[in-house]
Amino acid sequence: MTVNPIAGTSDPAPHPHATAEEVEAAYQDTKLAQVLYHDWEAETYDDKWSISYDERCIEYARGRFDKAVPQADLPYGRALELGCGTGFFLLNLMQSGIAEKGSVTDLSPGMVKVALRNAENLGLDVDGRVADAETIPYDDDTFDLVVGHAVLHHIPDVEKSLREVLRVLKPGGRFVFAGEPSTVGDFYARWLSRATWAAATNVTRLPGLGQWRRTQEELDESSRAAALEAVVDIHTFDPAHLEDIARSAGGEDVEAVTEEFAAAMLGWPVRTFEAAVPPGRLGWSWARFAFGGYKRLTWLDENVLQRFVPRSFFYNVLITGAKPQG
Ligand SMILES: C[S@@+](CC[C@H](N)C(=O)[O-])C[C@H]1O[C@@H](n2cnc3c(N)ncnc32)[C@H](O)[C@@H]1O
């Protein structure tokens with residue numbers, strides 16, 4: 001245990017090197033799997049997912065928030081993030097002027113440590129706790145805003161967690177969760193990723209293509225990570241069903257919106273291909289193709305496809321709602 005100097009509480013220490021027995025046990029225990037998997041990834045997570053704290057990611061985080069809450073009265077006073085990871089969502093939202101003071105929380109001590117370090121480097125007013133989103137360790141009516149990105153699908157009892165969110169929100173306070181996989185989107189993303197992985201790892205066995213192949217050790221490690229990922233990824237969401245869960249938890253003014261259909265169909269194979277070949281192999285023209293293609297398909301999604309493709313077909317689900325006034 002280490003004492004969290006900011007919160008003044010005892011939080012568990014990061015544990016980045018799990019034993020084989022712990023990994024075995026994690027297959028039966030989703031929360032242990034979360035801690036092992038995310039503690040292991042914490043120090044390299046920002047690089048792995050190209051997370052930065054500059055204009056590119058500020059714009060992305062703020063874009064997700066504005067999509068969910070187009071007319072927010074900013075800034076919020078005190079904001080909480082659940083499943084903060086390295087702080088990608090809240091720290092970038094704070095840099096864009098969403099909230100004055102932040103609290104980052106995550107089940108993984110390693111992630112909280114990195115998020116607090118990132119916040120300190122950015123000069124933001126942020127404290128942090130190791131916390132389970134199903135039992136949030138803050139008093140009732142504490143926060144003006146609660147946010148999360150890519151976290152709800154990891155939480156066993158989503159309704160219980162949203163009840164906790166509403167408990168710690170002040171009356172009238174708002175929650176915004178983004179980056180959740182839709183059920184339909186997850187289906188095509190997984191198939192496209194599997195096909196890309198199989199194609200990339202088989203084609204690179206051919207004579208003359210060896211320099212495009214990762215070492216067998218790296219490929220085996222990716223397969224082990226994918227197996228653990230299957231334990232930590234618990235849910236996918238139909239947007240209407242997620243709205244029902246949020247209302248049943250006590251939220252009002254609840255609305256789910258979705259985004260990324262064509263963009264996801266490019267994005268998942270691209271990310272999988274990047275993971276299948278040796279790092280640095282693809283170079284700038286690939287990066288330009290991938291980012292340019294993603295931007296163009298996002299334009300197509302927002303300006304054309306969103307008019308007639310059902311919302312449940314889009315990959316990313318965002319949900320917002322508020323705590324009743326009293
Ligand atoms: C996919 S990562 C997303 C991290 C970050 N929000 C981002 O978008 O980069 C999910 C995070 O949720 C955390 N998490 C999983 N289950 C949790 C739970 N029950 N309570 C709190 N955090 C949890 C994990 O440890 C991990 O850091």
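In helix α5, the residues Phe88, Phe89, Leu90, Leu91, Asn92, Leu93 and Met94 are buried. Here a residue is called buried if 20 or more other C-beta atoms lie within 10 Å of its own, exposed if 12 or fewer, and partly exposed in between, with C-beta atoms placed from the backbone. Helices (H or I, at least four residues) and strands (E, at least two) are DSSP runs, numbered from the N terminus. The model is a predicted one, in which local features need pLDDT of at least 70 and side-chain atom pairs count only at pLDDT 80 or more, while totals for chains, interfaces and linings use all residues. Residues are numbered from 1 along each chain as its sequence is written.

Two residues are in contact if their C-beta atoms, placed from the backbone, lie within 7 Å. By that rule, and leaving aside residues up to four places away in sequence, Leu90 touches Ala79, Glu81, Cys84, Gly102, Val104 and Val147. Just after α5, Gly97 takes a positive phi of about 95°.

Together with Ala79, Leu93 and Val146, Leu90 is among the residues with the most contacts inside the largest nonpolar core, which has 59 residues. A second, separate core of eight residues includes Ala189, Phe261, Ala264 and Phe314. A nonpolar core is a set of buried Ala, Val, Leu, Ile, Met, Phe, Trp, Tyr and Cys residues joined through C-beta atoms within 7 Å.

Gly148 counts as buried because 27 C-beta neighbours lie inside 10 Å. Its contacts, not counting residues up to four places away in sequence, are Glu81, Leu82, Gly83 and Phe177. Gly148 and Ile319 are 171 residues apart along the chain, and their C-alpha atoms are separated by 10.0 Å.

The ligand comes next. It is surrounded by 21 residues, the closest being His38, Gly83, Gly85, Ala133 and His149. Helices α2 (30–41) and α5 are the elements that give two or more residues to this shell. A residue is near a molecule if its C-beta atom, placed from the backbone, lies within 6 Å of it. The shell divides into ten nonpolar, eight polar and three charged residues; Ala, Val, Leu, Ile, Met, Phe, Trp, Tyr, Cys and Pro count as nonpolar, Asp, Glu, Lys and Arg as charged, and the others, Gly among them, as polar.

An unreviewed UniProt entry carries the annotation "domain: Methyltransferase type" for residues 80–177. UniProt positions are given in the numbering used here, feature names are shortened, and annotations may be inferred rather than shown by experiment. In the model, this span is 34% helix and 33% strand, and its end C-alpha atoms lie 12 Å apart.

Most residues other than glycine have a negative phi, and most peptide bonds are trans. Leu74 and Pro75 are joined by a cis peptide bond, with omega about -5°, and Pro75 is found in the loop between α4 and β3. Asp141 is not a glycine, yet has a positive phi of about 55°. Asp141 lies in the loop between β5 (126–130) and β6, and is exposed because 12 other C-beta atoms lie within 10 Å. Ala150, also not a glycine, has a positive phi of about 55° and sits in the loop between β6 and α7 (158–168). With 18 C-beta neighbours inside 10 Å, Ala150 counts as partly exposed.

Helix α7 itself holds Lys160, which is partly exposed, with 14 C-beta neighbours inside 10 Å.

Finally, the chain as a whole has twelve helices and nine strands. Its radius of gyration is 20 Å, close to the 20 Å that the globule rule gives for 326 residues, so the chain is as compact as a globular protein of that length. That radius is taken over C-alpha atoms, and the globule rule is 2.2 Å times the number of residues to the power 0.38. Along its principal axes, the C-alpha trace spans about 70 × 50 × 35 Å. Buried residues make up 37% of the 326 residues. Among contacts between residues at least 6 apart in sequence, 78% join residues at least 24 apart.
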